[in-house]
Every structure is written in C-alpha cells, then in structure tokens.
Amino acid sequence: MSDLRVLQLSSRTASLLLAPDGARYAVPVPISWQLSCGDKPCASGKATVAPLFFENLTPDTEYCLTTPLGRLCFRTLKCAGLLDARNFGADPRAADNTAAIQRAIDATPEGGTLRIAPGRYTIGPIFLKPRITLYLPEGAELNAHGDWSDWPILPARDDTGRPLSSWEGLPEAAFAAPVTAIDCHGLILTGRGVIDGGGDRGDWWSWPKSTRRDARRPRTLFLAWSDDIQISGLTIRNSPSWTVHPFRCDRLTASALHIQNPADSPNTDGLNPESCCDVTLTGLHFSVGDDCIAVKAGKRGDQGQSDHLAPTTGLTVTHCLMERGHGAVVLGSEMSGDITDVTITDCTFDRTDRGLRIKTRRGRGGRVANVVMERVDMTHVDTPVVANAYYFCDPDGSDDWVQSRKAAPVTEKTPAIDNILVRNVTAKMAKLAGAAMLGLPESPITNVRLEYFSVTFDPDAEPAEPLMAEGQTPVRHIPMIAENTQVTGEPLCAEPLKDPILC
C-alpha cells in the first residue's frame with residue numbers, strides 16, 4: 001500500500017513520506033515530485049528514498065507536493081521570531097562558540113527559531129530550552145571539541161531525586177552532551193545541517209567502559225524528561241558514545257536523519273530510546289560502530305535498586321536503512337522496566353551482525369513482549385532473528401547462576417520474552433542461522449511466530465557463535481536454533497539465486 005503523508009513540520013522545514021508499494025528506505029524506482037507555494041512551483045526533483053525533507057520554507061505558509069501517488073498539502077508552523085546566532089557573537093573563526101550560542105538560545109522566545117548560519121562552529125555542551133526551534137540549514141555544523149577537562153557533568157540524579165544521567169541502565173554521572181535538552185517540552189531540532197559529537201577529537205574512544213572526573217562519556221544529543229520532541233533532517237555523527245539518547249521522553253518523532261559513526265568506534269549506538277513512550281522513527285539512515293537502534297528500559301541494580309525503572313512502549317520504526325552496525329533493532333539488554341509494543345516495518349538491514357535482536361539475562365526481570373517485524377529486507381546479516389535470555393553482560397554475566405541451563409526459581413528478577421511476530425521478511429546471504437532463540441528453562445520464550453520468513457545463506461560464511469552466551473557451538477547455514485522456545489513456523493527457502501545456499 002502506498003503512503004504519502006506529512007511526518008513533521010516546523011516553521012521553515014517539512015519532512016514528508018513518499019512511499020509507493022514496495023518501498024523500504026529506498027523507493028523501487030525514482031519518483032518525480034513538484035513542490036508549489038500557492039500557484040507557483042518552488043522546487044522539483046526525483047525521489048530515490050522514501051523520506052523527503054525540505055528546508056528554507058516560509059513560516060505559516062501553505063505548500064503542496066504533487067506526485068504520481070497523489071497531491072499532499074501542508075502548512076508550515078508559525079514563528080514567534082527568528083534569531084541568528086551570529087548576532088550573539090557566534091563565529092566559525094572563533095576557537096569556542098559555546099557561550100555565544102548559549103546566549104542566543106537563552107534569548108530565543110517561546111515559539112521562536114534560532115538559526116545557525118552556514119559555517120563550522122566549535123562548541124562545548126549547549127543546553128536547550130522548551131518550545132523553541134533549533135534550525136541548522138545545510139552547511140551549518142555544530143562541532144564539539146574533545147577537551148573534557150572543564151566539560152560540564154550531569155549528575156546521576158537531579159535535586160529532586162529524578163534519575164537524570166543514565167549509563168548502561170543505571171543512574172550514573174556522565175559528561176553533558178554537546179547538545180543537551182532537559183525538561184524541553186515541545187522542542188524542535190531540524191535542518192540539513194550537522195551535529196558532530198567530536199568523538200575522534202580528544203580521547204573519548206580510548207576509555208569506553210571507564211570514567212574521567214568520575215563521569216561517563218557523553219552522548220552527542222541527549223534529551224531527558226522532554227515530551228513532544230521533533231527531530232528531522234539532521235546529520236548527527238562522530239559520537240563519543242551513544243549518538244541520540246532520549247531518556248524518559250514521550251511522544252518523540254524523528255525523521256529523515258543520517259546517523260553516522262566510524263565502524264570501529266566503541267559503543268556508538270545510533271539511537272537509544274530509554275524508558276520512553278510513543279516514539280516514531282521514520283526514514284532514518286544508520287551507519288554506526290555498534291547497534292543502530294538499541295531500545296532500553298533500565299536495569300536492576302546489584303542491591304535491587306529499581307526506583308529508576310520505567311517502560312519503553314509504543315515504538316514504531318519504519319522506512320529506515322540500517323547499514324552496518326552490530327544489530328539493526330536491538331531490545332535490551334537493559335530491559336528491567338519492560339519493553340513492549342514495538343513495530344518494525346518496511347526497513348532494510350544491510351551488513352549488520354544481527355537483524356532483530358532481543359537480549360536479556362537472569363537478574364534483569366522485566367519483559368519484552370508484543371514485537372512485530374514485517375516487510376523487512378536483509379542482506380549479509382549474520383543472524384537475522386535473535387532472542388537470547390543468556391546474554392553474558394556485566395562482570396557476573398558468565399557466573400554459573402546466570403549461565404546454568406538448569407531451571408532456577410522464578411522471581412521478580414526472572415526476565416520474560418513473549419509474543420514475537422516475524423512476517424514477510426526476506427534475508428539474503430545470511431551466515432550463521434536464520435533464527436537463533438535461547439530461552440530460560442524456568443521462563444521459556446513464548447508465542448514466537450514466523451510467517452513468510454525466507455532465508456538464503458552465504459556459501460563463503462565461516463562458522464561462528466550465533467548468540468552471546470556461554471557454551472555456544474560455532475555454526476553456519478542453520479535455518480533455526482530454538483531451545484526453551486515456543487515457536488510456530490520456520491524459515492522458508494527463498495527463490496533460488498545464482499550463488500547462495502538455500503536453507
């Protein structure tokens with residue numbers, strides 16, 4: 001079914017979806033379009049990808065997009081005032097623009113727009129405020145420096161006791177992100193510009209699991225306790241750790257983003273919604289050093305700490321391209337607050353180690369449930385579907401009580417995985433297994449359904465372990481591994497190709 005609709009609007013940008021039948025991130029054939037303002041054409045072109053992004057529009061103005069799929073009209077938002085950061089001292093030639101851009105942010109009125117003019121602006125962390133638009137048009141770049149010696153640090157909790165900074169599912173102090181938004185309801189981040197986290201500057205990537213000044217590495221864009229957020233058009237790259245991290249944010253939408261990190265940069269996940277509700281990600285292109293989308297809901301502390309836990313629920317991922325990365329869409333392993341109601345449709349996964357990946361372990365508690373993945377095409381993905389309740393994370397992850405294959409007592413710390421649907425999914429040139437699912441004997445994975453899930457294998461694949469758990473045997477070309485798992489259906493053989501091995 002074709003889809004033509006508005007994804008996001010600001011006063012000066014519009015993000016639209018142009019998706020004919022069969023579209024994933026790319027469209028099957030280029031599609032001609034024309035954008036008009038009133039009776040006058042103002043832009044035209046051919047779309048090769050489903051997300052369309054327009055900038056330099058006029059506030060409070062009606063535009064119409066004409067395409068073979070139909071005609072779509074929309075009105076840009078009103079603007080309470082346009083400010084230019086250069087008028088507050090921002091200068092691409094300056095060694096540090098942090099204070100100048102912060103002055104511009106502070107002066108931007110509610111409903112107004114702060115424009116960052118084209119140029120490369122070196123910054124440290126800047127702090128946004130609610131109900132404004134930060135607009136980076138094409139050619140504008142916020143470029144973080146790498147000197148953390150006087151970088152501000154976010155505490156684990158704020159003065160009211162709210163969890164504020166999160167690291168691997170627990171409240172823990174961390175350096176502020178180059179772009180930080182706390183309590184920024186109604187914030188809009190938009191434009192074809194760039195936010196560069198400066199991961200290759202300084203030494204961020206040399207201490208991935210340790211601290212400096214008793215703080216963890218920063219994200220590039222960190223959003224906390226902020227509802228009704230829109231992010232569109234931007235390229236966000238070169239992150240010191242996770243790239244975009246929404247924490248306790250509801251009703252967040254992101255579209256037409258490019259999230260890019262070097263393949264060897266440690267733990268540079270693309271987008272990590274943590275304890276968020278109603279998140280919609282449409283038309284995003286990922287190429288990162290870890291998981292593309294990693295969904296989190298906190299983890300229980302060693303002493304049973306759980307007051308920081310909250311669910312992630314209502315996540316929609318559609319028309320996205322995951323190009324490289326450890327996992328395309330990963331749920332867990334920090335999932336103690338529950339991850340539920342996740343839908344992944346019309347996406348392409350290319351050369352990720354895993355496709356849909358669910359990971360947890362004893363001691364986490366919580367549940368992952370109601371997950372749907374359909375109309376997804378995968379190429380050169382080692383194992384397209386993974387569900388692992390023996391993930392050996394944390395210092396005790398290989399201890400016998402975690403990894404024992406004998407049934408343990410069921411407690412609040414026992415995780416559960418239930419109701420997973422994989423439908424109309426094609427995986428070509430897989431390497432290890434079409435699906436690998438390992439549940440706990442005391443808490444089996446339940447209600448997994450595979451419907452029209454076709455797999456072919458790379459004939460040159462070398463055996464390797466399909467799951468990150470103790471006692472795994474290297475395999476290749478295995479249609480399905482299912483232990484302590486209730487599964488209906490099995491991977492199907494795809495149409496014969498010239499080289500791949502059929503399952």
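Is Cys73 buried, partly exposed or exposed? With a relative accessibility of 39%, Cys73 counts as partly exposed. The views below come from a predicted model.

**View 1. Cys64 and Cys73 are joined in a disulfide.** Their sulfur atoms lie 2.0 Å apart. That is inside the 2.5 Å limit for a disulfide. The count for this structure is one disulfide. The torsion about the S-S bond of Cys64 and Cys73 is about 105 degrees, so the bond is right-handed. The two partners fall into separate burial classes: Cys64 is buried, at 6% relative accessibility, whereas Cys73 is partly exposed, at 39%.

View 2. For Cys42, the closest cysteine sulfur belongs to Cys37. The gap is 5.9 Å, which is too far for a bond. Cys42 is partly exposed, with a relative accessible area of 42%. Cys347 is in no disulfide either. Its nearest cysteine sulfur is that of Cys320, 4.7 Å away. Cys347 is buried, at 0% relative accessibility.

**View 3. Strands β1, β2 and β5 form an open sheet.** The order is β1-β2-β5, and the pairing is antiparallel. β1 (3-9) and β5 (51-54) are the edge strands. Each has a single partner strand, so one side of each is left without a neighbour in the sheet. From one strand to the next, the twist averages 20 degrees. β1 pairs with β2 (residues 14-19) over six bridges, in the antiparallel sense. Within this pairing, Asp3 stands opposite Ala19 of β2. In a regular strand, side chains alternate between the two faces of the sheet.

**View 4. Strand β27 has parallel pairings with β25 and β30.** β25 (residues 250-255) and β27 (residues 277-282) are linked by five bridges. Here Thr253 stands opposite Thr280 of β27. β27 also pairs with β30 (residues 312-318), again over five bridges. In this second pairing, Thr282 has Thr318 of β30 as its bridge partner.

**View 5. Met378 is a buried residue of strand β35.** The strand spans residues 367-379. The relative accessible area of Met378 is 1%. Which residues touch Met378, leaving aside its neighbours within four places in sequence? The contacts are Phe349, Gly355, Met373, Pro384, Val425, Thr426, Ala427 and Lys428. Thr160 gives a reference point elsewhere in the chain. Met378 and Thr160 are 218 residues apart in sequence. Their C-alpha atoms are 46 Å apart in space.

**View 6. The largest pocket has a volume of about 470 Å³.** Rolling a probe the size of a water molecule over the atoms shows where empty space is left. The lining of the largest pocket is made up of 24 residues. Which of the lining residues lie nearest the centre of the pocket? They are Lys209, Asn267, Asp290, Lys359 and Tyr391. Strand β34 (residues 354-359) gives the most to the lining, with three residues.

Notes:
Residues are numbered from 1 along each chain as its sequence is written. This is a predicted model: local features need pLDDT of at least 70, side-chain atom pairs count only at pLDDT 80 or more; totals for chains, interfaces and linings use all residues. Side-chain values use heavy atoms; hydrogens and water are left out. Two strands pair if DSSP finds at least two bridges between them. Helices (H or I, at least four residues) and strands (E, at least two) are DSSP runs, numbered from the N terminus. Axes are lines fitted to C-alpha atoms, for helices over the stretch in contact, and angles run from 0 to 180 degrees between N-to-C directions. Buried means under 20% relative accessible area, exposed over 50%, partly exposed in between (1.4 Å probe, protein chains only). Contact means heavy atoms within 4.5 Å. On a 1 Å grid over the protein atoms alone, a cavity is a set of points where a 1.4 Å probe fits but cannot get out, and a pocket is an open set with protein on both sides within 12 Å along at least five of seven lines; lining residues have an atom within 4 Å of a point. Grid points are joined across faces, edges and corners, and a volume is the space filled by probe spheres set on the points.
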